[in-house]
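This briefing concerns the overall architecture of the structure shown below. The points that follow are grouped by topic.

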Amino acid sequence: VRASRYAFILAGGEGRRLCLLSEKRAKPAVPFAGKYRIIDFTLSNCVNSDIHDVMVLTQYNPRSLNDHIGAGRPWDLDRSTGGVRLMQPYISRNRAAEWYRGTADAVLQNLQAIRDWPSDTVLILAGDHIYKMDYQPFVAQHRRKRADVTIAVKQVPIGEAHRFGILALDDTDAVVEWQEKPRQPKSDLASLGIYVFSKRALEHWLSDDRPDFGGNVIPAMLAGGARVFGYRFDGYWQDVGTVESYWRAQMELLDDHPPLDLYDRSWVIHTRSEERAPARIGPTANVHRSLVSHGCLILGTVERSILSPGVRVDPGAVVRDSVVMFDTHIRAGAVLDRAIIDKEVSVGPNAVIGMGNDFTTPNRHEPTRLNTGITVVGKRAIIPAGAHIGRNVKIAEGVRPSDFPSKHVKSGGSVEPRRPRPTDQVTSGPIAGVDAEIVTVSAAGRGKSGGRRTPRTTSGPAGHRDR
Amino acid sequence: MGVYLFDTAVLRGALRARPVNLVLDVLRPLVEAGERVMAYEFQGYWEDVGTVGAYYRANLELVAPEPRFALLDPRWPILTRDEERPPAQFRDHAVVEESLVANGSRVDGTVRRSVLFSGVVVERGAEIVESVILPDVHVGAGARVERAIVDKYARVGAGAQLGAGPPVDSPETAWLEGLTLVGKDAVVPPGARVGRSVVIGVGARPTDYENGELPAGSAVPNRSWFEEAP
């Protein structure tokens, strides 16, 4: 039997912890490293591993992913046989109409496609991780061990083990214990949420009452005596599921020898990229320790930052420790410090984003997501000239200068639109996907539309002062 | 400009005589015959870039403060076949002014009034001034490249100096207009001294340099990759 050429990519994840960045786009479609989207890494791993039949399962805000992947041209996946297909949840006769209830349920609902694939193994991948992995040795070990399922694992610091599915392996790499997000982890080997399944095992173990691979299917297989193995991966792998880890993983790319080498011509990361001129660095520019994409026009200072295509930095503006996305314009004299600025934002002259030394007052509305000093600005926001914006601030998508009651937004505050825009959509219905947290989210409802339409500019606890 | 719009019937008629040259054998006879040959005066940017000097000047004009040709115009993108490359990386010692830097480049040296194509590596302390550097050229630490056009895959060794010194005044190298050319795949050995108006042939090797030196106005012939080293 020839090597597996088939993969599912679970791309339904909402990535709620990424705050504004994933509000209107699926987590796999969130920009990363200037010109890429997160899913580019998994898609490129597939084609670089000679896997050319890829089914991408989407659910949450699929439009951004549909636009990005299209017919798969940038990855050479626009093939006459196989190639990439995007699958959304669908309804059918004799079947309850419902959203995917978890990772395994998403695959179960598309099992018909697997039956048609002339291969005895199937890769199940997550579309929201940053890593480079050759899947063929992974599949080869699976065959060698005659496994029913093989789970990619990686050593993590034991202090972080409680965030993952933790496996204990015996000396044949068979999984002897599985703990889902354990308080007291018995090992430091974490599941990466990447599996090779034998087709027969997948058909046997997937069922309506086992909606999630990590939570239900793998434990059932272990209890039922299936051959469950681990595959040790020691390369670079990042989940980038939080604002802080998303920011940090990109700052690491600025090292002289970054853990993730984007410049490796033998493992190219492909993306859909607009044709633009080379970056133009003007006479007054200062650019250090940064990634600058094509189409940028730099006339100011850029330090330790990642700029997507088409970003403009006017004379006297300073961009420091920041991630700035497509076609954002930083006007003269403005300063960005530890900010993540989404695309097509306009930062007015002399505005300061990331002001003061208070890195620790968390955002009042998203205290668990914005609490490390990073300020996030949503798509197409217009920051008024001379605005002073603190840290851990959330500036919602599309806000205009009139939405700012004051030009001073203290650390931990937020700015939201005063009136709903016609483009605002309230999403509803249960959501499921690759994020384990989504299961709880769908149970609790999104509860998001309530407060965000009321006019407000808010700040951290009373008495707090930015220096 | 060499750009024409023909009435199809007129062109068909003219081509029956099997003309060789469009201007001499088609246009001039049409004018002489009193046909309706009209001019269209174009006011925009147009360059032929048919000589080394014109090619060089057209490139450098793109990094001038107010270039006549707007490459960044989103309404008129210039499309090309582009390899997928990551964003350009600027490291701690990068000093880049008035330059174009394409994706996939990594700069840790100084770049002034120059055009870097994709995948160019400029090591720490290297200096590129008023030059056009084509894709995947590697410029070693401390090297200096001045008034040069360096073709694809060429490697400039650490500490080498290109295009330094006074210009030469000889009719044989007048076509270079004082520029130094480095051919595709050529190697400039570490520490080499290469003067102005020098042509380093395609695939040149370190053994082509006497004492690591190429005086102003000199040339190294092209080498095929399968040729034995001289």
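In chain A, 59% of the contacts between residues at least 6 apart in sequence join residues at least 24 apart. For chain B, the corresponding share among contacts between residues at least 6 apart is 26%. The model is predicted, and the values for both chains are computed from it.

**Secondary structure**
- Chain A contains nine helices and 34 strands.
- Three helices and 20 strands make up the secondary structure of chain B.

**Burial**
- Chain A has 467 residues, and 59% of them count as buried.
- In chain B, buried residues account for 42% of the 230 residues.

**Accessible surface**

**Dimensions of chain B**
- The radius of gyration of chain B is 22 Å, whereas a compact globule of 230 residues would have a value near 17 Å.

**Charges of chain B**
- Chain B carries 24 positive and 32 negative charges.
- The mean positions of these positive and negative charges lie 3 Å apart.

Methods: Residues are numbered from 1 along each chain as its sequence is written. Chains are lettered from A and ligands numbered from 1 in the order in which they are written. This is a predicted model: local features need pLDDT of at least 70, side-chain atom pairs count only at pLDDT 80 or more; totals for chains, interfaces and linings use all residues. Side-chain values use heavy atoms; hydrogens and water are left out. Helices (H or I, at least four residues) and strands (E, at least two) are DSSP runs, numbered from the N terminus. The radius of gyration is taken over C-alpha atoms; the globule rule is 2.2 Å times the number of residues to the power 0.38. Buried means under 20% relative accessible area, exposed over 50%, partly exposed in between (1.4 Å probe, protein chains only). Contact means heavy atoms within 4.5 Å. Lys and Arg count as positive and Asp and Glu as negative; His and the chain ends are not counted. The place of a charge is taken as NZ of Lys, CZ of Arg, CG of Asp or CD of Glu.
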